[in-house]
Amino acid sequence: MKRYLWPLVVFVVMMGFLFTGLRLNPREVPSPLVNKPVPAFNLPTLAAPERSLAPEQLQGQVWLLNVWASWCVACQLEHPVLVDLARSGAVTLIGLNYKDRRDLALGWLGKHGNPYQATLSDTDGRVGLDFGVYGVPETYVIDRQGVIRHKHTGPVTTEFVRDTLLPLIAQLEHPA
Amino acid sequence: MNLRHALKVAVWVCCCVGAAFTHAQAPVNPATPTAADPVLEAQVMKIADELRCLVCQNETIAASNAELAIDLRQQIREQLSEGRSQSQILDFMKQRYGDFVLYRPPLKASTVLLWLGPFALLLLAASMLVQSIRRRDPQAEPAPLSDADVQRAQRLLDEAGGRP
């Protein structure tokens with residue numbers, strides 16, 4: 001009986017590794033910026049390029065930075081979720097228009113809706129680089145003190161909003 | 001021939017070409033300026049070889065044609081021109097993208113299993129093999145012949161008459 005025990009144990013351990021591995025996303029790169037202050041930036045807004053926005057102006061509220069572009073197909077998937085989220089008033093949304101053209105970006109927002117209080121024009125992607133953006137869309141959750149608390153890569157889904165985002169926002173707005 | 005050609009084009013257009021290249025290909029984006037200075041370019045590629053392209057994650061930034069790789073090579077170029085050192089530039093990337101951006105994983109508490117795991121498994125397998133060889137009984141002999149078989153063997157040997 002003992003002869004069969006060891007291969008069985010090895011098999012069960014390997015199955016443990018297999019099933020854990022199957023549930024992980026190998027392409028996801030965790031961000032080193034979580035729990036660090038938001039990188040400094042000073043970018044023109046999309047709607048009014050003569051005006052610019054810096055993180056200091058957003059202190060005192062919980063906000064989301066949503067990285068998007070008119071050339072990004074997956075952004076169209078998440079956009080209705082963001083529009084609903086903005087309409088609910090649960091959180092302020094700031095867009096980061098990444099490596100895009102102003103006319104195309106404005107056209108895209110006109111067509112799909114604009115959930116953003118303001119959108120930053122990051123035409124050369126430098127600010128995106130400071131945030132560690134490696135794909136579009138990505139969404140960052142930033143607290144009242146300007147510290148990044150969460151990064152979500154890929155489109156924002158209703159499940160993500162319901163299970164992760166709203167509880168996190170509630171926690172950040174009313175720290176226990 | 002047509003299908004093969006189409007497949008070739010499709011593969012070429014897809015994301016990143018294989019990591020068999022040791023030199024970077026010219027950037028696909030014509031707007032990116034290449035430094036006129038070949039010494040600087042060589043330094044850029046040396047550092048780019050130490051960084052992972054996060055889009056095609058098994059390639060270096062030197063080899064990848066992804067737009068992010070092009071942007072990061074430009075970033076390296078600018079920082080080198082400003083006089084930053086290789087370790088400063090690698091730190092810059094690590095701060096923004098984490099340890100995964102380094103093509104060679106650093107040896108830390110969290111990566112010890114990655115680095116030593118294969119050797120540990122090899123050692124375990126080797127010791128299990130040694131144990132199983134040792135456990136084989138060296139005293140075991142074949143079962144002794146019965147009397148009838150001894151007589152039969154003797155008769156056969158006599159008939160052969162000692163001839164080989």
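Within chain A, the side chains of A:Glu138 and A:Lys151 meet in a salt bridge with an N to O distance of 3.1 Å, a salt bridge being a side-chain nitrogen of Lys or Arg within 4 Å of a carboxyl oxygen of Asp or Glu. This pair links distant parts of the chain, since A:Glu138 lies in strand E6 (residues 138-142) and A:Lys151 in strand E7 (residues 148-153), 13 residues apart; helices (H or I, at least four residues) and strands (E, at least two) are DSSP runs numbered from the N terminus. A:Glu138 counts as buried at 1% relative accessibility, and A:Lys151 is buried at 13%, where buried means under 20% relative accessible area, exposed over 50% and partly exposed in between (1.4 Å probe, protein chains only).

The model is predicted, so that local features need pLDDT of at least 70 and side-chain atom pairs count only at pLDDT 80 or more, while totals for chains, interfaces and linings use all residues. Residues are numbered from 1 along each chain as its sequence is written, chains are lettered from A and ligands numbered from 1 in the order in which they are written, and side-chain values use heavy atoms, with hydrogens and water left out.

Over all chains the rule gives 13 salt bridges, and 4 salt bridges are found across the interface of chain A and chain B. Some of the pairs are listed here.

| Pair | N to O distance |
|---|---|
| A:Arg126 and B:Glu78 | 2.8 Å |
| A:Lys99 and B:Glu67 | 3.1 Å |
| B:Lys94 and B:Asp99 | 4.0 Å |

For the pair within chain B, B:Asp99 is partly exposed at 26% relative accessibility, and B:Lys94 is partly exposed with a relative accessible area of 31%. Salt bridges that share partners join A:Lys99, B:Glu67 and B:Asp71 into one network.

The contact between the chains, meaning heavy atoms within 4.5 Å, takes 15 residues from chain A and 17 residues from chain B. Together the two chains bury about 1,300 Å², 48% of it on carbon and sulfur atoms; buried area is the accessible area (1.4 Å probe) that two parts lose on being put together, summed over both.

H6(B) is hardly covered, with 0 buried residues among its 14, and just after H6(B), B:Gly161 takes a positive phi of about 65°.
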